[in-house]
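Student: I have a model open and want to go through it before using it. Can you take my questions as they come?

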Amino acid sequence: MKAALAHRQIGVFLVVAGALALGMAWWVEHVLHIMPCELCLVERWPWRILILIGAVDILLPGLAGGPILWLSVPLLVASLGLAFCHAGVEWQWWPSPLPGCHAPQITGTTMAERLASMPLLPGKPCDYPTYLIPGLPLSMSVMGGLYAAAVLGIFLSMKNRARKVGRRIFH
């Protein structure tokens with residue numbers, strides 16, 4: 001019973017952590033009106049899947065919950081990798097791997113052709129960092145990576161504690 005409760009707490013933690021990450025992205029985009037770049041949009045996917053993993057753990061604690069929780073580790077490592085990639089683009093270490101992060105190529109010989117080749121919405125370049133806290137030189141992508149590292153550390157700590165609780169129950 002205690003081991004199942006410990007695992008269920010991990011599922012709740014993953015859902016809350018993912019919801020906080022996506023909630024922050026939503027707030028920045030819709031309240032602060034800061035447009036995300038293409039890399040920013042890709043960085044949201046691990047958090048969406050993390051919420052799904054946590055929900056499966058909550059709904060199916062014995063059947064799929066325990067083992068499926070370990071899928072959050074590669075997701076969080078992927079989130080760290082995406083944040084590192086984005087930070088490298090922001091710091092001009094390398095170009096963005098996504099074509100949407102580059103300036104649009106406007107083609108055509110007439111004004112009508114050029115206007116038709118322009119994107120409907122202006123894109124935010126991936127190498128332009130978003131700083132949320134004045135005076136703190138941490139871009140949103142770097143803060144996202146630090147958050148992913150913290151969530152990964154807390155997750156591993158919670159799994160270790162759940163393992164110890166389960167060992168005490170069965171011995």
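**Surface, fold and core**

Tutor: The accessible surface of the chain is about 10400 Å², and 73% of it belongs to carbon and sulfur atoms. Keep in mind that this is a predicted model.

Student: How many helices and strands does the chain have?

Tutor: There are seven helices and zero strands. Along the sequence the pattern reads α-α-α-α-α-α-α.

Student: What does the chain average in pLDDT?

Tutor: The average is 82, and 76% of the residues score at least 70.

Student: And where in the chain is confidence lowest, and where is it highest?

Tutor: Helix α6, residues 111-117, has the lowest confidence, with a mean of 62. The highest is in α5, at 94. Where pLDDT is low, the predicted coordinates should not be read in detail.

Student: OK. What share of the residues counts as buried?

Tutor: Of the 171 residues in the chain, 34% are buried.

Student: Which residues have the most contacts inside the largest nonpolar core?

Tutor: Ile10, Phe13, Leu14, Trp47 and Val151, in a core of 18 residues. The elements that contribute two or more residues to this core are α1 (2-30), α3 (45-59), α5 (72-90) and α7 (140-170). A second, separate core has five residues, among them Leu39, Val89, Leu98 and Cys126.

Student: Back to leucine 14. What is it in contact with, leaving aside neighbours within four places in sequence?

Tutor: Leucine 14 is in contact with Leu50, Ile53, Gly54, Leu69, Ser72 and Phe155.

Student: What about the whole chain: how much of the contact count comes from residues 24 or more positions apart?

Tutor: Those pairs make up 74% of the contacts with a separation of 6 or more.

Student: Switching to α5. How far does it reach from its first C-alpha to its last?

Tutor: α5 reaches 27 Å over 19 residues, close to the 27 Å expected at 1.5 Å a residue.

Student: Which of the residues of α5 are buried?

Tutor: The buried residues are Ser72, Leu75, Leu76, Ser79, Ala83, Cys85, His86, Ala87, Gly88, Val89 and Glu90. One of them, Val89, also belongs to the second core.

Student: What follows α5?

Tutor: Glutamine 92, which has a positive phi near 65° and is a residue other than glycine. Glutamine 92 sits in the loop between α5 and α6.

Student: Is glutamine 92 buried or exposed?

Tutor: Glutamine 92 is exposed, because its relative accessibility is 56% and the cut-off for exposed is over 50%.

Student: Which loop holds histidine 33, and what is its phi?

Tutor: Histidine 33 lies in the loop between α1 and α2 (38-43). Its phi is positive, about 60°, although histidine 33 is not a glycine. At 65% relative accessibility, histidine 33 counts as exposed.

Student: Now the rings. How many aromatic pairs are there?

Tutor: The count comes to six. One of the pairs is tryptophan 93 with tryptophan 94: the ring centres are 5.8 Å apart and the planes are at 65°, so the pair is edge-to-face.

Student: Which residues form the aromatic cluster?

Tutor: Phe84, Trp91, Trp93 and Trp94 form one cluster.

Student: And what is the relative accessible area of tryptophan 94?

Tutor: It is 30%, so tryptophan 94 is partly exposed.

Methods. Residues are numbered from 1 along each chain as its sequence is written. This is a predicted model: local features need pLDDT of at least 70, side-chain atom pairs count only at pLDDT 80 or more; totals for chains, interfaces and linings use all residues. Side-chain values use heavy atoms; hydrogens and water are left out. A nonpolar core is a set of buried Ala, Val, Leu, Ile, Met, Phe, Trp, Tyr and Cys residues joined through side-chain atoms within 4.5 Å. Buried means under 20% relative accessible area, exposed over 50%, partly exposed in between (1.4 Å probe, protein chains only). Helices (H or I, at least four residues) and strands (E, at least two) are DSSP runs, numbered from the N terminus. Contact means heavy atoms within 4.5 Å. pLDDT is the predictor's confidence in each residue, from 0 to 100. Accessible areas come from the Shrake-Rupley method with a 1.4 Å probe; for residues, only the protein chains shown count as cover. The expected span of a helix is 1.5 Å times one less than its number of residues. Rings of Phe, Tyr and Trp (its six-membered ring) pair if their centres lie within 6.5 Å; planes under 30 degrees apart count as stacked, over 60 as edge-to-face and the rest as tilted.
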